[in-house]
Amino acid sequence: MCNCDDHDHGHAHKRLTRRSALRGGVAAAAAVAATAVSAQAASAQSASPYAPPAEPALPPSNMKLDLSRTALVVTDPQIDFLHPEGVTWGVVGASVTEHNTVDNIETLFKAAKAADLTVAVSPHYYYPTDHGWKFEGALEKLMHKIGMFDRKGALNLDGFDGSGADWMPQYKQYIEDGKTIVTSPHKVYGNDTNDLSLQLRKRGVDQVILAGMSANLCTESHMRELLEDGFEVAVVRDATAAAKLPEGDGYLAALINFRYMANALWSTQEAIEMINTAS
């Protein structure tokens with residue numbers, strides 16, 4: 001008699017394994033970039049380039065949570081960004097590993113569920129029709145070329161389980177609990193193309209704890225749009241990560257803008273303490 005769970009798991013594993021075939025070019029670019037970034041960092045300074053400034057010029061945050069109107073929002077908690085078999089791992093893997101991003105996102109999910117916070121996930125999906133776009137930015141071209149976040153269709157889940165568009169396996173228990181908001185997909189970077197703000201407003205939410213992938217793209221774009229929509233936003237700096245390429249370190253670029261614009265910039269531990277103190 002067939003063990004269906006084992007059978008399904010096998011197919012999901014094969015789908016994940018096949019993702020690695022698409023990562024060759026991206027991984028090669030990452031190797032060059034990682035070497036260059038490491039050499040530059042080592043020669044330029046002994047301290048982490050991500051450390052907060054010793055003498056900040058900007059005023060400190062005074063953001064306090066009111067859990068009755070707070071939501072955890074996670075952008076793109078998906079295999080293609082966060083799993084070694086994901087198509088972007090070659091360029092984001094070092095950053096994800098350095099910041100312990102995968103575990104930190106799960107820690108936030110656990111804390112939010114324990115505190116009965118509103119939790120929302122803003123995913124990134126591409127359908128066959130999206131590949132008919134007539135113009136794209138540099139990263140859009142790359143994402144479409146490597147099949148990032150691809151699905152068979154808006155109403156078609158064939159092949160979804162274990163694909164690059166699927167959730168990270170350890171997050172499914174939180175996302176698929178029947179309570180988490182899964183918004184319509186954002187198509188480029190920001191949530192102005194989906195229903196995130198509407199879903200949060202309908203639940204009386206105006207404070208957001210923001211995490212997810214990737215720092216200088218979807219996460220930063222969500223921060224900017226939420227701020228423009230009148231939300232108070234705290235970004236969790238070690239629950240995100242970004243690509244390192246010859247064009248630059250995406251995480252560092254985002255971190256600077258988080259410091260400039262977010263209502264607060266917390267570590268995962270600080271975010272948990274803020275939730276626990278407010279509860």
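Tutor: A salt bridge is a side-chain nitrogen of Lys or Arg within 4 Å of a carboxyl oxygen of Asp or Glu. Please keep in mind that the model before us is predicted.

Student: How many salt bridges does this rule give?

Tutor: The count comes to 9 salt bridges. One of them joins Glu98 and Lys244, whose closest N and O atoms are 3.6 Å apart. This pair links distant parts of the chain, for Glu98 lies in helix α4 and Lys244 in strand β6, 146 residues apart.

Student: Are Glu98 and Lys244 buried or partly exposed?

Tutor: Glu98 counts as partly exposed because its relative accessibility is 46%. Lys244 counts as buried, since its relative accessibility is 14%.

Student: Which residue forms a salt bridge with Asp177?

Tutor: Asp177 pairs with Lys113, and their closest N and O atoms are 2.7 Å apart. Here too distant parts of the chain are linked: Asp177 is in the loop between α7 and β3, whereas Lys113 is in helix α5, 64 residues away.

Student: Where do Glu220 and Arg224 lie?

Tutor: Let us begin with the general idea. An α-helix has 3.6 residues a turn, so residues three or four places apart point the same way. In this structure, Glu220 and Arg224 both lie in helix α9, 4 residues apart, which is about one turn of the helix. They form a salt bridge with the closest N and O atoms 2.9 Å apart. Glu220 is buried, with a relative accessible area of 7%, while Arg224 is partly exposed at 37%.

Student: Which residues touch the most other members of the largest nonpolar core?

Tutor: They are Leu82, Phe109 and Trp266, in a core of 52 residues. Helix α5 gives the largest share of this core, 6 residues. Another core, of 22 residues, lies apart from it, and its members include Ala71, Leu200, Phe231 and Leu255.

How values were computed: Residues are numbered from 1 along each chain as its sequence is written. This is a predicted model: local features need pLDDT of at least 70, side-chain atom pairs count only at pLDDT 80 or more; totals for chains, interfaces and linings use all residues. Side-chain values use heavy atoms; hydrogens and water are left out. A nonpolar core is a set of buried Ala, Val, Leu, Ile, Met, Phe, Trp, Tyr and Cys residues joined through side-chain atoms within 4.5 Å. Buried means under 20% relative accessible area, exposed over 50%, partly exposed in between (1.4 Å probe, protein chains only). Helices (H or I, at least four residues) and strands (E, at least two) are DSSP runs, numbered from the N terminus.
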